[in-house]
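This report describes one protein chain, starting from a single residue and widening to the whole. Please look over the sequence and the structure before reading on.

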Amino acid sequence: MSNQYIIPSTATIKEALVKLDLSLGKALFIVNDSMKVLASISDGDIRRALIKGHSITELALDVAHKNFKFIQQNTTKKEELEQFKANKITLIPILNAHMELVKIIDISKIKVMLPLDAVIMAGGKGSRLMPLTEHTPKPLLKVGDKAIIKHNTDRLASYGIRNINITLNYLGEQIVSFYEKNNEHQIKFNYVTEDKPLGTIGALKLIKEFENDYILLMNSDLLTNADFEDIFNNFLLKEGDALIATIPYKVNIPYGVVETKEGYVTDLKEKPSYTYYSNAGIYIFKKECLDFVPDNAFFNATDLIDVLIKKGKKIINYPILSYWLDIGKHEDFEKAQEDIKHIRL
């Protein structure tokens, strides 16, 4: 965790001023040895204390704001964030049940805090994009000025998703190294390396712990501005066990279609249109659904969906009507380079 906005309970007012200067004047949080947050302090708190005659050698804790605002871990609602923003509060500590600091978020940079753990599948070889992927894993190929996978993790972070697992295989060490240098959102990354191919969901059984009760699974090579909040709210509203995001695909038949049953004509449709739904590579699962995934075996997300259907579980379809592109081939990669000039991710 970054200590940019943290000072110990032994810090003086002068030390707090120095730290505030380094943090561009944003608030600081005072913690004890067990990382329990005791108070917050700002430039205004110190200014008022000095006016009252306090010395800069006194403890910052003595003049700090002990009735500070915070968010309990895994309980955030959008309305709560909006209220903080309306009151011009930007830095908020996330605390566990013991008032210990989990992380600090800048709510000016996020839309909401979805209670989701994300899993990004980034282990493929990207064979269809050779020679571009000969020495670079496909997720690190740049679309515009940013790696494909970085477009996705930045978008997840904008929805308050901070626990992101990435499954690795081909040139996976490059992805680890990339995020060691590019993690301005303070995402908690966990990397899962497959010793053998485990399919699109088999590797999830290698993840020891999920913080939240819901898991967002997605491919790393997608370029999309899908609304993850709306997807999740739709999942909750329809009380699903799993959700598949899909891409509506309309097929226009240029001829009249004769419908029959047992050799008899039942209908005649002139040049009809049919809409089919293609898998968009984005899923949400309740955590308990992973109980149906076998250990150390090749297993795809679609295999799990089949099992859940047979078990009578409720599977939700969410059609993505916004921008979505699967970057699998050279023509897709070239299209992405043009599209990124005009879409907002």
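N163 lies in strand 10, which covers residues 163-168. In this predicted model, N163 counts as buried because its relative accessibility is 10%, and the cut-off for buried is under 20%.

Leaving aside residues up to four places away in sequence, N163 touches D117, A118, K188, E211 and N212. With one of these, E211, the side chain of N163 makes a polar contact of 3.3 Å.

## Strand 10

Strand 10 is mostly covered, with six of its six residues buried. In a regular strand, side chains alternate between the two faces of the sheet. Here N163, N165 and T167 point one way from strand 10, while I164, I166 and L168 point the other way. The residues of both sets are all buried.

## Partners of strand 10

Strand 10 pairs in the parallel sense with strand 7 (residues 116-121) over four bridges. In this pairing, I120 stands opposite I166 of strand 10.

Strand 10 also pairs with strand 11 (residues 188-193), again in the parallel sense, over six bridges.

Strand 4 pairs with strand 5 (residues 91-95) in the parallel sense over two bridges. Q72 stands opposite L95 in strand 5.

## The chain as a whole

The protein chain contains eight helices and 19 strands. Its C-alpha atoms fill a box of roughly 95 × 45 × 45 Å, taken along the principal axes. Of the 345 residues in the protein chain, 45% are buried. Among contacts between residues at least 6 apart in sequence, 67% join residues at least 24 apart.

The accessible surface of the protein chain comes to about 18400 Å², and carbon and sulfur atoms account for 50% of that surface. The protein chain carries 44 positive and 45 negative side chains. The centres of these two sets of charges lie 3 Å apart.

Methods:
Residues are numbered from 1 along each chain as its sequence is written. This is a predicted model: local features need pLDDT of at least 70, side-chain atom pairs count only at pLDDT 80 or more; totals for chains, interfaces and linings use all residues. Side-chain values use heavy atoms; hydrogens and water are left out. Buried means under 20% relative accessible area, exposed over 50%, partly exposed in between (1.4 Å probe, protein chains only). Contact means heavy atoms within 4.5 Å. Accessible areas come from the Shrake-Rupley method with a 1.4 Å probe; for residues, only the protein chains shown count as cover. Lys and Arg count as positive and Asp and Glu as negative; His and the chain ends are not counted. The place of a charge is taken as NZ of Lys, CZ of Arg, CG of Asp or CD of Glu. Two strands pair if DSSP finds at least two bridges between them. A polar contact is a pair of N or O atoms within 3.5 Å; within protein, one must be able to donate a hydrogen and the other to accept it, and residues adjacent in sequence count only if both atoms are side-chain atoms.
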